[in-house]
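Please examine the sequence and the structure shown below.

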Amino acid sequence: MSRDVTIQVNGTLVKAKEGDTVLQHLNKSGKEVPQVCYHPSLGAVKTCDTCIVEVNGELVRACDTPVEKGAKVDTNQQDVKDAQGIAMDRILHNHELYCTVCDYNNGSCEIHNTVKDMKIEHQTTPFEPKPAEKDNSHPYYRYDPDQCILCGRCVEACQDVQVTETLSIDWESPNPRVIWDNDVAINESSCVSCGHCSTVCPCNAMMEKSMEGRAGYMTGMDQKTLRPMIELTKNVETGYGSILAISDMEASMRDAKIEKTKTVCTYCGVGCSFDVWTQGREILKVEPQAEAPANGISTCVKGKFGWDYVNSDERLKKPLIREGDRFREAEWDEAYKLIAEKLTGIKESHGSDAMSFISSSKTTNEESYLMQKLGRSVFGTNNIDNCSRYCQTPATMGLFRTVGHGGDSGSITDIQQAELVLVIGSNTAESHPVLATRVKSAQKLHGQKLIVSDLRRHEMADRSDVFIQPKQGSDLVWLSAVTKYIVDNGLHDDSFLNDRVNGLQEYVDSLDKFTMAYAAEKTSISEDELKKVAHMIAEADTVCSLWAMGVTQHSGGSDTSTAISNLMLITGNYGKPGAGTYPLRGHNNVQGASDFGSMPNKYPGYEDVTDDDVRKRYEEAWGTPLSSEIGLNNHQMVDEIHKGNLKAMYLKGEDMGIVDSNINYVHEAFEKLDFFVVQDIFLSKTAEFADVVLPASPSLEKEGTFTNTERRIQRLYQVMDPLADSKPDWKIITELANELGAGWNYEHPSEVMHEAAGLAPLFAGVHYDRLEGYNSQQWPVEADGTDTPLLFEKEFPFPDKKARLYPVDWTEPLEYDAQYDLHVNNGRLLEHFHEGNMTYKAEGITSKTPSTFLEVSPELAEERGLEDGTLVRLTSPYGSAKVQCIVTDRVKGNELYLPMNDNGEGAINQLTSSQADKDTDTPAYKEVSAKMEILKRTGESPLPKKIHHRYGNPQPQIGVNVEAKWKRKDYVFPGDIVRKGAKTNG
Amino acid sequence: MAKPIRDIEPIPISKEQERENAINEILDKLADNQEAVHSTLDLIASLQKSGILHILTGLFSEGDKVLDVIVQEAAKEENTNAIRNLLLLGGTLGTINVKELEPLLLKINHGVARVAEDPDPDEKTGYVDLVKKLKDPQINRSLTVLFRFLEGMGEKTEQEERN
């Protein structure tokens, strides 16, 4: 714990926190000191020397000097000012001030603001261009060496925050500048386009291309006019004061044309929030904010740059009604009337349970709430589900069995501070990129240990301290064996188990068969390795377990999730900071879709539909009778359509015809429906089967809330108006309900949230006022607004407040006939999302990753004569897919990897079966085997290798390596010039 | 049996319909902003009358070219100097302390007023008169003020220069 000490600042005694740097203290106490390279989210970079102050008689960098008891700090004396002046002069030597015609002149330019604050009128060393061209090669950002002040913020962010380790500064060069990999063009490097560098750049050196020529009033002028203009500005310069005043004025004027709106990302479940800068419908840039609770300054390529789909020509603009072999555009009135008439007719002739409703993890909490209310209250059925059925329901099941809340135990900061992170069946660096950066960085800088269990050598595996590769579907075996070994050797947490957990003996008995020998045989991991893992887990003070689809999408997905939670209970890794279970939610609102009741057995807040008291509460609030029968989940819905029992479906935001398993079977079901309504932003594969298609508005065009993987509820604000005649889902559902006579009067999503919060105790204190801007709440939320960043600190939500060890057994994965000799692992890619409806619309992303591809091992390539670009057909008992190969050692032996990002011939779910998790019906997507035929032996590689990051050449180092700068012959510390008369060489 | 389809038949919107919708939208806006519309029209009418509208039209329709010409022109040395002088002058004006200047200005005003009474006096001031006049408290005060002014003018100002 840091304590307060007394120091002197400019002669006054003040309290300061031990452990802070002098700069941090000065910033907190409002003393203004220049600090160009310092960024609160990056810490001290130590390159710019502008924060020099005097401490105990020495001129030092305030950012690099810890607060010590009795220290005397002077920020005012002339020597300090002179040293800072020299530092700033060196910066201006590297950066031309043409603020008024600079796209970065938006009030936040550190150089502009520092020149102004320091009242600098002239520079001693004139600006000098660097002998390197502007690098425009990357589709989304460019680097201008002439404007680069070599502060190294971008390098720090790339090396130590994002940890892709692409950027460095070549301090050895006569003219240092930022370089990519070993000095290649940006677009040809290992850069993953996460955008960190352009986000943290203090000036216009590293800038989003979408800003260029658009941000200012005069920045869009022809290059031939711009250059003389810059010269003119410089020539009339009477001192920077007047020039900066004009540019300040211009910067304020920009507020009139640039809108900055906070939103929450619509891709994965990490829940990044950021400001979107727009002019009309045009997106200037995505600007992450340090105060964003889940991500701070971080983004991945999709959140930073993947927004073109919003303005895509393919967006649906009007309701569509099926007529013969084509859709006819119609007005909303006609569409609503038709839907109301058809659905009412089906309900009257076949009963309520002939209807079904599917909600989406892409839509908001409020929209999930309204969808289940529509199904339950207006149509009287519990046949309502959402796509978490395809991914995370088994994890939720495993947690309900053992600890009682179906969500991450803590926050991303807990994962960051854990002593050990255990990643099972999760390609975190690609599926949850920003969350993965916290693990990569903690491991790189703070000694966090990382164990990865996966079939495939992905980035996390590559970085891990221990990487185990169990046979597919056998995670439960090694988890149980490790747990048994821990108990057998007395390494378990006795007092935690005594005080807070039930069922120890029964559980330990159930582990009998999971001996080390048995595990080694079934998983093919050696006993030694298993023991090592057991010791690491048992001996770490805090362990976070992260898992994803590699665990859940199996026949025993719920059981394996349970086994993970059991292991965490046995080792006491619950209810304390830096510990717990973290099923990483895959979509922006997959957590919220279930939280707000789009489930066949649960009301919002996970209360049972079979519970009479709960049901009565909803019946009274909604004023309609409600069904007490558990409804169908979406897997069962497909079966019931085939059986002829389910006649109508209303589905929103879900391309079920691509993302469900065994899609041929699903398509046949769609064809059998009497009436099918699909609400989407595109004419998706699923929508092609619809009778009526309703044009919805995506996240940027509406308000609402999303709940991320940390159970964190965050508001999104409307960035732009709905396109054409499209409408937000909440509005469509409300208007349809009213067409059916429901009499709902929601004018704003807040009214929906407040109704839900009034009914579901889990969300009692959730309120839009408490969620303003970047504020957020992590459920459970008490009525007074107190939220719960860390679960189970005092109790588990069971009647006796104790957790439960829950015995589980191994379900062996689906066996295939010998002819299906290749296992087809499948999952995500960093740069595309799911079937790709959204990300393939981003030209820049698609230029670097144009399509999906099949990863084959070097061994298999050798054996079958495969090479990059070979076109193959994979055939499983359920269907076939056509795709081109990439040979890579990320996979081994007969193991293949097919990213799920295709909705045509390469779509993985043409191969998957209807086999599912025995407890939740989540499809066993990962249990697929196929045989391979070669269709065309040679072809162009499906990845443009020259410009694709997976072929880059990262250059890991810690931070910007400022020591190398200090060693340069031409570097003299400004303090030494002022005090010791050292000569300046710069 | 609902087979998958992708063809979309757009709503036939006739040209007249589209035009009518657009006109209605505009009429609504006009009606909502009556006053602003009237004032704007008055302004445009005067701009038209004075010919300024023509000039502006030319300026904006050929914006890029015009800007280029302006910048090229402004970049000429003498013009750059002019702009620079303007900025300098502006800056210097800002540094004049009017509060301090006021008494001096009042005094000058009085002097001017006195001169105005008889701008071309016949009487001549001789050597002796001059010495005598030094005893006159009004003249003595004037001279003291003048000397102080000259002293101030002689001080170094290099460190305050903006150029």
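Along its sequence, chain B follows the pattern β-α-α-α-α-α-α-α-α, with 8 helices and 1 strand. Here helices (H or I, at least four residues) and strands (E, at least two) are DSSP runs, numbered from the N terminus. Chain B is more spread out than a compact globule, because its radius of gyration is 35 Å, well over the 15 Å that the globule rule gives for 163 residues. This radius is taken over C-alpha atoms, and the rule is 2.2 Å times the number of residues to the power 0.38. Further values for chain B are tabulated.

| Property of chain B | Value |
|---|---|
| Box filled by the C-alpha atoms, along the principal axes | roughly 125 × 40 × 30 Å |
| Buried residues (20 or more other C-beta atoms within 10 Å of their own, C-beta atoms being placed from the backbone) | 1% of the 163 residues |

The model is predicted: local features need pLDDT of at least 70, side-chain atom pairs count only at pLDDT 80 or more, and totals for chains, interfaces and linings use all residues. Residues are numbered from 1 along each chain as its sequence is written, while chains are lettered from A and ligands numbered from 1 in the order in which they are written.

In chain A, 5 strands form an open sheet of mixed pairing, in the order 2-1-5-3-4; two strands pair if DSSP finds at least two bridges between them. Strand 2 (12-17) and strand 4 (58-61) of chain A stand at the edges with a single partner strand each, so one side of each is left without a neighbour in the sheet. Strand 1 (residues 4-9) of chain A runs antiparallel to strand 2 of chain A, and 6 bridges join them. A:I7 has A:V14, in strand 2 of chain A, as its bridge partner.

Key
A residue is buried if 20 or more other C-beta atoms lie within 10 Å of its own, exposed if 12 or fewer, and partly exposed in between; C-beta atoms are placed from the backbone.
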